[in-house]
Each structure stands twice: as structure tokens, then as C-alpha cells.
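Work through the exercises below with the structure open. Each task is followed by a worked solution.

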Amino acid sequence: MFTKKNSFWLLGIAMLMTLGVAVFRPMVIFDYDFESFFPQEDQELAFYQDFRSKFENDNDYLLIALGRNPDVFDSVFLSKANSLNESLKKLEKVERTVSLLDLEEPIINPFGIRYRKVLDWNNSENLILSKNSILASGQWKGSLISEEGNYLLIILKNQQRISKEEGDVLYQEIKSLVDNSGINDFHLAGKIRAQGEFIHLMQKEFSFFLGISILLIVFLLIVIFRTWWGVLVPLIVLLFGILWTIALSLYFGKPLDVMSVMQPTILSVVGLAALIHFFNHYLTQIRNGYLKDEAIQKSFSELWTAVFLTCFTTSLGFISLYFTNIPSLKSFGLYTGIGVMMMFLAVVLIAPGMLYLLTPFKVSEYDSFSIMWRKGMRKAFLWTVSNTKPIIVVFILVTVLSGFGMSRLQVNGYILDDLPENNSLIEEFRFFDKEFGGSKPLEFSLEAGPEAQDLMQFEVLKEQEKLENFVKDVFGASAIVSPLTMAKSLNKALNGGSEKAFSSPSLGQVRRMEPYFKKVLEASPIQILTSDLKTGRLSARTEDMGSLKSSEMKAEFLKFLEEKINPDLLLVRITGTSHLIDISHESVTAQMAKGLGFAFVIVALIVGFLFRSWKIALISVIPNIIPLLWVCGLMFVFGIELKLTTAIIFTVAFGIAVDDTIHFMAKLKMELGKGKPWLYAIKRAYLETGKAIILTTLVLVSGFSILTLSQFGVTFYSGLLIGMALVFALIADLVLLPVLLILLKKGSKK
């Protein structure tokens, strides 16, 4: 198959493929879709989508805080802020703004309903009255104005489900208006800013890791092969493989996202590992006396099946992520899995032809370093064979301790998990958490129960009051808006606008305000009820306390509903984008188990097929499960929490680490096929694949270590933990696997 003629044909096909990409260049698109981390085909998502269709998307807003010391109650400052607010309203993609600058509250008297400004700065007397009223009010303080009165909040509601490109343009327009408003102290936080920050950082990191991956490859190739062709050929192969993979994903409309940052490094180290096996075998054949053409043909013909299987299992490790219900993980797993096979294709299409063209007819004989390496491998094998019992004991002990650590791991994730700790956006969100009670949306769906007329019924409002108090006390929520809020506002209106009357109305007061429900509902800047008053929402903001604490609060919330809320009067359900992200983090264990289970079965089937033995299939999986347990133990020791983005690490690490096991087992099968005794075959497999396994692990760990330079949390932890998993897998393959194979034979004899 890999004759000189065939190899040149394969090289020609590779050139045509690359020419096609150059002529029909795909458009490079970067994207960060917040909702791509929502669990799909999930009842909670379906419920939220229905809820959103009745009201609005709960995270399509931008928080704008305008500051002045000692307080914001200055007519010049408020005029500037109002001018900015009016300019913001005129922007094309802005639906509305909510702030004290233009908010009006109803006043009901015998002559009907009228509206007065909450904040009036037309003259100093009105401004003083407004200041005293606002700072004494539990309705506005901490929600639209800071507790100290030195920051004024504008909530800008942008177009629903705005695209990333439109969001970027809108944010720049908003930023320009704020910069030129004459107000120097301001803070901005929200979805359209977060998406822009992610994309900007992602573009920088993608270019950085692509460049540094190339430099790393060149350095490792120089160290390993110490020849010009040993650097040039792999470099061309890897660049073509990465190019084909990225082009393929772009052709199918898959934009580059936060997960794509890792792809160049992953594909580089996987492709380089495959090339090392081929080149190492080729050099061995040359040194054993084969002519150049024979050595190339023999090397690729003998190893392509084993290399295909290793790439296939690595690919399956990634593709197993496609069986999760998180769109971002599904697309990352699918296209990276395809990319690994594209890299294998690049290796077999390009490398043989280029070796025929570029490599010399002779290479140097074994040097002192190579001889020392072979002696070292022999000593390592003899030590392993001589210490089977201590090795088993140590592995069992470390694995049991790691299992204990795994049982203590906590699942916890935050909305802005992946951004670096010192990122300005994180600082902005923390500012809003401190000054305005939170930046994370918190949503509850409200339905009138079977015995209730509607949500504005007196008895139902009493149930809502219990719910609102619970949400304040347990979730630490602020800026609560609900049907009860409307009832409190009407109660205040019926009492001449007295702040003391902003409280739950009595039965008689509810009956008095019934004629005004429709008018007030139409004038409300935020939709909180449907027209029939039977469906509503309780909307609030809270701090991002993490999915672990959120899950504890939700458990307490469910208990509260069961014990305190009458379901015949009020039906309550938590929903919203934050809730969906929390669910994604909470489902991490199931997602991980699903992906790993798929990968375990496939690897066991492959090895079982090679050896026609379920015992050997089981033994081949054990050295690849143990490193994952050790990584769990390491995570426990260093306090690294499980979350959506760290869950993928285990599936990916298993898919890559199992490659070495397959190379070892394939060589063992080859030796047994030659009629060699069991122990001798293990020894030959150990000595001949050991060097390649160590070199490939060195390459892989070096490659993944580069990812620890990332500012993204997901990329950093992927590099750190996958690198450690591969080190543990190397130890298991060269220490535990030979011992298990020896014990298997002893057991068979008995």
C-alpha cells in the first residue's frame, strides 16, 4: 500500500485538498453563544422557552451605574444622566430603559389616577423631597439606586436574543455615549458586554496557541530527531491537518468558540505522537539494515493499523462528548473527534511521500545515547518483573485514596467561570453584586392555582408575600418585581404616595384597586403579568454564588413550597437562564459517566477483537481507568471543583491515554504471532514500544502544558489535568500493565 508510487499519489491527493481550501477559503467566524451551555432536550429548557415567549429573555439587559460623590442628588449630574438616558433610548436595538430618571408612579385620588415623577430635580425643593423619599424607600434603594445613594442605575433592555454581531455594535454605541456623557464614574455589565469580552480574549488566545503550538512542535522535533527532515516533514503534516480541520468546521457553519481555542494544541500533539511512532519505527528499520524505500514501506505498512486504532480511540473519546446534552460540548467533541481523524489522514497521505522525497539513504547508527536508552528500558523492565507484588499494593493503595478523594469532590460552577480572575468584566459584575444586590437574573414562574381566580386575588397575594420573603431571606435577592410589587405600588397610590403604604394590601384595599389593574399593567416598564392575570413572574437579581450553593438553596426552596405554599392557590416554579446554567453544572457527573462509559466499551471491544479474549480486554482498560481516579484524587488535594468544563477532561484524557495501551498490546500480539513465549513477547513489546510511549507522552504533556498559559478557566484546567492524567497513564502502562499481563498468564497456568 505504501509503495513509492502509491505514496506519491497520496501526496498528490493531499496537495489537491489543500489547494481546494486555498481557493475556496471559508469565512473565519468567532462566536460565543451563552445559551450553547444550556442542556438541550430538557424539560426545564422547554419550560423556560415557553415562559420566555410570554414575557421576555431574562438576561437581555445591560446594567449601567452612574456615580457621583457624596451622592447623585445634584441637578447638573442628573441632567447629564437624563440626557444620556434619552440618547440610549434612541439606539436602534434598545427596547427601553428603566431608571429613576424617568420613572413615574401612580397616585389615585377621587378624580382618578395620575402619575408623578419618582425623581424630580426641576428645583432644589423638589430634589430634596425626592432624595428623602427615595433614600427612605425600600422600593428603590438597593435596586435602582445604591444603598449609599452615590450610584444611579440604568437598566437597558436590548433587543430580545440579539445576535453577537449586533450586540457588539450596540455595546460600542452605548460605550461611546457613556464615555461622552460628561460622567466620569460609571460601570457597565451585562450579556452584550460579556460576549464581546469573551470573543476578544478568544481571538487573542487562538492566535497565541496556534503560534506557540508551532514553536513547541519545532523544538520537540529538533530534540527528538535531530535532523532537518525530521523537523520539516512533521511540521508540514501538522499544519495541513490543522488547516483541514478548521476549514471543515467552518464549511459546515461551525464558528470558532471558547472551546476551539484548545483545538490547534490538541491536534498538534495527537498528530505528532502518531508521527513519532512511524518515524521511530522507520529509523529502527534503517539501522537494522533495510534500504530506505523498504524501511518506509515496512514502517507504514506494519504500524498504520495500530496508529489508526489509537487515533480512532482518541477520536471516539472526543466524539463521546456528542452524546451529552450541552450544545457547546457536543460540537467541540464532534469536530475535534473528526479533526483527530483528519490528522491521521494527513499523516498517511503526506508523510510517506515526503520521506521518499526528502530523507537520506542512510542514517546514523545507534549512538551512545540510544544505547544508554535501550539499557535503561531493560533495567526498567527487569525492575518491574521483580517487584510485581509491591507494585500491585502501591497501585491499590493510591487508587483507594484517590477514590476517597473523588467521593469528596464537589460540583460547583459560576457563570463567568472561564474568565481570568483579574478580568475587568469580573470586577464590574462584583461591583453590581455589592452596590445593587446582584447582577445574576433570578426568575420564578407564577401560575394561579385551580382554586384561585387570578394572581391578584387577595389570598394569592398573601401566598406571594410568603414567597417573596423567602426569596429575599434565602437567595439574598434584590430588585424584586412581581404581581405583589404591583399590588404594593397600587396600595401606595391609594394612600397618596406614602412610602409607608408600600406594603401588602388588605382585602378591602385589593377590592378598591381592582379597577386599576389593567391601566397600571399597561404602564409598567416590565411585563410581570399576562392579560388574564393568571400567569406571572417574580423577577429579581442576586449574586452569582455558584451552582453548589444554588442547588442547596433550591432544595430549601422546594421544601418551602411543599410546606408553606398552598398549591390550590399558587403554583411556583424556578426558571431562567441562570437556573439552566446551574442545571448544566449539576448534571456534570452524569455527563462524564455517559461519555466515559461509551469510551470504555469501545476500547474494550477493540482490544477484545484483537486478542479474542475478554480477560485481556478488561486488563487493557484497567491501566486507563486508574489514571482518571488519580486525577480525581489530585483535584481533591488541590481543591479543584468539578464543573461543566472540567467534566470533559476525563473523557478526553482517557481517549488520548489509551493510545499507548493499544500500541503496547498491538506489539504484544505481533510478537505472539511470531511464536514467541508470553513473557518474552511482553519484554519485546516493552522494549520496542516503551521508548515511543515515553516520547509521545513527553510530547503530549508538553503540548497540554502550554494550555496552562491560557486565561480561560476551561483551557487552563484542560491543560493541567489532562497533562497529569497522561503522566499517570504512562506510569500505569509501563509499570502496571506488564505486571497484570504476567499475573494473567500465571493465573491461566494454575
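**Exercise 1. Strand pairing**

Task: In what sense do S7 and strand S9 pair, and over how many bridges?

Solution: This is a predicted model. Start with strand S9, residues 535-542. S7 and S9 pair in the antiparallel sense, over eight bridges. Phenylalanine 444 has leucine 538 as its bridge partner in S9.

Now turn to strand S10, residues 570-575. S7 and S10 run antiparallel and are joined by six bridges. Within this pairing, leucine 446 stands opposite valine 572 of S10.

**Exercise 2. Threonine 310**

Task: Is threonine 310 buried or exposed?

Solution: Locate the element. Then check accessibility. The value for threonine 310 is 4%. Buried means under 20%, so threonine 310 counts as buried. Last, list the contacts. Leaving out residues up to four places away in sequence, threonine 310 touches Asp659, Ile662 and His663.

**Exercise 3. A nonpolar surface patch**

Task: Which residues form the nonpolar patch on the surface? Which helix gives the largest share?

Solution: The members are Leu16, Leu19, Val23, Phe24, Tyr251 and Phe252. Together they have about 710 Å² of accessible area. Helix H1, residues 4-23, gives the largest share, with three residues.

Take one member. Leucine 16 lies in helix H1. Its relative accessibility is 61%. Exposed means over 50%, so leucine 16 counts as exposed.

**Exercise 4. The whole chain**

Task: What is the secondary structure content of the protein chain, and what share of its residues count as buried?

Solution: Count the elements. The protein chain has 24 helices and ten strands. Then take burial. Of its 750 residues, 58% count as buried.

Along the principal axes, the C-alpha atoms fill a box of roughly 110 × 60 × 40 Å. The chain exposes about 31,400 Å², and carbon and sulfur atoms supply 60% of that area.

Finish with contacts. Among contacts with a separation of 6 or more, 80% come from residues 24 or more positions apart.

Definitions and conventions
Residues numbered from 1 in each chain as written. Predicted model: local features only at pLDDT ≥ 70, side-chain atom pairs only at ≥ 80, totals over all residues. Heavy atoms only, no water. Buried < 20%, exposed > 50% of the residue type's maximum accessible area, 1.4 Å probe, protein only. Contact = heavy atoms within 4.5 Å. Patch = residues over 30% accessible without salt bridge, like charges linked within 9 Å, V, L, I, M, F, W, Y side chains within 5 Å. Areas by Shrake-Rupley, 256 points an atom, 1.4 Å probe, with all protein chains shown as cover. Salt bridge = Lys/Arg side-chain N within 4 Å of Asp/Glu carboxyl O. Helix = DSSP H or I, 4+ residues; strand = E, 2+ residues; numbered from the N terminus. Pairing = 2+ DSSP bridges.
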